[in-house]
Amino acid sequence: MKIKTQFLEDSLIYIILILILIGLLLIGSIDSFQFKSRNIVFQTFWIFVSILFFFLFSHIHLQRLRAFSFPFLLFGMLLLGVVFVPGIGKTVNYSTRWINLGKFTFQASNLAKVIFIFYMAHFLAKNQDRVERSEPRYFIKNFFPVIFALGIYLGLIYFEPDLSTAGILFLVFVSLLFVAKVKLTTIALIFATVLVVLVILVSVGPGYRRARYVSFVKFLAGKDVQIEQNDDTFFQPRESLIALSNGKLTGRGSEEGKAKLYYLPFAHSDYIFSILGEEYGFAGSVLILILYVLLLVASFTLAQRAHDPFYSFLIAGLGFGIAYNIIVNVAVAISLIPSTGVTLPFISYGGSALLIDSIAVAMIVNASKRDRYERMEEREFQYA
């Protein structure tokens with residue numbers, strides 16, 4: 001039985017509303033046990049802002065917006081650059097990812113990621129003939145604008161430093177190349193090259209990052225890992241695993257959760273999945289993952305059904321952006337990868353992340369609806 005496209009579009013809205021509500025309840029619970037209300041107040045404010053922008057981006061004319069894809073790309077570079085300007089950029093935990101807006105901050109790389117996806121979808125749709133000649137020896141020449149822009153974006157995000165967001169943006173880039181049917185030999189060569197570069201960057205990069213990787217490798221090898229309160233190379237992963245294991249099948253309940261009592265830093269943002277696992281157990285965690293799977297299946301189905309290549313690439317790219325955020329956040333919580341700061345879409349505390357994720361889903365729904373309406377108009381024109 002084929003599910004109607006309109007049902008998939010509507011289901012995306014219902015799923016993110018459920019996820020946002022769950023996130024709000026978790027953040028409120030964490031705030032109440034930490035005797036503060038700041039996070040729940042700010043998150044509620046950002047939910048209303050996100051609803052307004054969701055409405056705007058679910059009605060905006062995306063084909064007309066394509067004419068500004070290159071200026072948008074330059075604007076994204078500007079956003080990533082201004083975080084380094086003293087007085088504008090804000091540094092938190094040794095990372096300068098945010099633009100200071102007084103009482104609020106905005107993570108520039110979140111918006112830059114969506115801008116890059118929009119530009120890449122436009123480029124791939126406009127230059128499908130270049131995909132035919134995407135062998136390694138032609139790739140750089142035929143895809144130079146995208147490669148050049150990606151290099152600048154990744155470089156600026158890396159020097160914030162924010163290796164995880166840079167990695168997610170790279171994975172979205174490669175995934176879109178795969179969807180566009182770029183030659184697999186080219187994609188394999190790109191992966192091999194970036195893997196070598198990543199090893200070099202970790203080796204010569206900041207000491208804290210190298211220490212995290214060393215601790216993680218020791219943990220995987222079953223060796224003793226030195227854990228100190230003030231040295232978080234493995235403190236957070238250990239506390240996260242303790243919280244998840246304490247949750248067992250059905251969880252300890254909100255009243256008995258201990259990880260949020262300052263045992264686990266960043267409980268309301270990077271490690272909120274661990275709080276969920278401790279208080280609602282394996283069953284609660286699986287339920288959330290099922291909601292995410294439904295969200296992604298609906299998104300990629302809409303991308304596959306879209307007839308217009310631009311809409312198809314745009315929906316797929318935005319879907320990959322959300323998917324990799326989920327994968328990285330959950331993988332960090334269960335110690336499949338070293339600790340890094342990535343929020344759980346629609347659930348974690350974080351205004352700019354919630355706003356940009358909401359805009360991404362609004363654009364997915366918008367692109368799918370416009371594709372349907374444009375096909376209906378074409379059929380009516382043919383039968384007229």
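## Tour: rings, core and a buried glutamate

Select Phe68, Phe72, Phe118, Phe310 and Tyr311: ring pairs link them into a cluster. Rings of Phe, Tyr and Trp (its six-membered ring) pair if their centres lie within 6.5 Å; planes under 30 degrees apart are stacked, over 60 edge-to-face, the rest tilted. This is a predicted model, where local features need pLDDT of at least 70, side-chain atom pairs count only at pLDDT 80 or more, and totals for chains, interfaces and linings use all residues. Residues are numbered from 1 along each chain as its sequence is written, and side-chain values use heavy atoms, without hydrogens and water.

Stay on Phe310. The rule here: NZ of Lys or CZ of Arg within 6 Å of the ring centre and within 35 degrees of the ring normal. Phe310 and Tyr311 are both buried (under 20% relative accessible area; exposed is over 50%, partly exposed in between; 1.4 Å probe, protein chains only).

Next, Arg133. Its charged end sits over the ring of Tyr138, 4.2 Å from the centre.

Now pick Phe173. Leaving aside neighbours within four places in sequence, Phe173 is in contact (heavy atoms within 4.5 Å) with Phe116, Met120, Phe139, Val146, Leu150 and Ile190.

Finish at Glu278. What is its relative accessibility? Glu278 is at 1%, so it counts as buried. A polar atom of its side chain lies 3.1 Å from the backbone nitrogen of Lys258. The Glu278 side chain also reaches the backbone nitrogen of Ala259, at 3.2 Å.

Note on methods: A polar contact is a pair of N or O atoms within 3.5 Å; within protein, one must be able to donate a hydrogen and the other to accept it, and residues adjacent in sequence count only if both atoms are side-chain atoms.
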